[in-house]
Amino acid sequence: MIKKGLFFLMIAAVVLMLSAPAMAADVIYKLMLGPCNTSGTSGTVGYRNTCYGDVYNTSDVKVGHYFTTFDALAPYNLAIGTQSFQTLHMVELETAPAPWYNFTLNGSYSYSVGKGMGAITNITQFAGSLTGAYYNIDYPAGGSPYYWVLTLHLP
């Protein structure tokens with residue numbers, strides 16, 4: 001009787017594992033900071049910073065380019081930790097290994113702290129559902145020549 005109960009428990013566990021969505025591995029990119037342009041630097045009109053640069057994979061191979069904007073609504077101050085809205089667009093070069101992830105990200109970014117997080121709002125060449133997909137961007141740990149490390153957490 002115990003063996004029969006154990007058998008049904010194992011079958012139930014297998015069915016549960018097969019019905020759970022598979023999680024993709026995180027996709028990590030390293031971003032170089034290119035030119036940035038600031039507009040609306042008065043606290044009464046808001047603030048916008050636009051930056052663009054090159055994107056590298058974890059093997060330090062150039063795989064694409066990005067363009068990002070940071071918007072803080074008026075009134076604002078540029079104190080460390082001030083939150084701004086971040087939009088990041090990336091186009092991956094087709095010379096990189098497939099699949100090519102071209103995407104738009106929207107989230108919040110902490111000024112001069114180098115931490116951001118938000119939703120992946122559009123991504124191409126991804127067969128799965130984006131429910132629960134999110135990203136975080138952060139300054140790299142010690143001595144890296146890159147400005148940010150971007151991690152896509154894909155379902």
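Over which residues does pLDDT stay under 50?

**View 1. The stretch with pLDDT under 50 is residues 6-23.** Here the model has 3 contacts beyond four places in sequence, a contact being heavy atoms within 4.5 Å. pLDDT is the predictor's confidence in each residue, from 0 to 100. Where it is low, the predicted coordinates should not be read in detail. The protein chain as a whole averages a pLDDT of 77, and 74% of the residues score at least 70. This is a predicted model, in which local features need pLDDT of at least 70 and side-chain atom pairs count only at 80 or more, while totals for chains, interfaces and linings use all residues. Residues are numbered from 1 along each chain as its sequence is written, and side-chain values use heavy atoms, leaving out hydrogens and water.

**View 2. The largest nonpolar core holds 23 residues.** Such a core is a set of buried Ala, Val, Leu, Ile, Met, Phe, Trp, Tyr and Cys residues joined through side-chain atoms within 4.5 Å. Buried means under 20% relative accessible area, exposed over 50%, and partly exposed in between (1.4 Å probe, protein chains only). Tyr 29, Leu 31, Leu 88, Phe 103, Leu 150 and Leu 152 touch the most other members. Among the elements giving two or more residues to this core are strands E1 (27-31), E5 (83-92), E6 (103-110) and E9 (148-153). Strands (E, at least two residues) are DSSP runs, numbered from the N terminus.

**View 3. Zoom in on Leu 152 and its contacts.** Setting aside neighbours within four places in sequence, Leu 152 is in contact with residues including Val 27, Tyr 29, Phe 103, Leu 105, Ile 120 and Tyr 135. Asp 26 is also one of its partners.

**View 4. Lys 30 and Asp 60 meet in a salt bridge.** A salt bridge is a side-chain nitrogen of Lys or Arg within 4 Å of a carboxyl oxygen of Asp or Glu, and the N to O distance here is 2.4 Å. Because Asp 60 lies in the loop between E3 and E4 and Lys 30 in strand E1, the pair ties together parts 30 residues apart in sequence. Lys 30 is buried, at 15% relative accessibility, whereas Asp 60 is partly exposed at 44%.

**View 5. Arg 48 pairs with Asp 71 in another salt bridge.** Their closest N and O atoms are 2.7 Å apart. Asp 71 is in strand E4 and Arg 48 in strand E3, so this pair ties together parts 23 residues apart in sequence. Asp 71 is buried at 18%, and Arg 48 is partly exposed at 37%.

Methods:
Helices (H or I, at least four residues) and strands (E, at least two) are DSSP runs, numbered from the N terminus.
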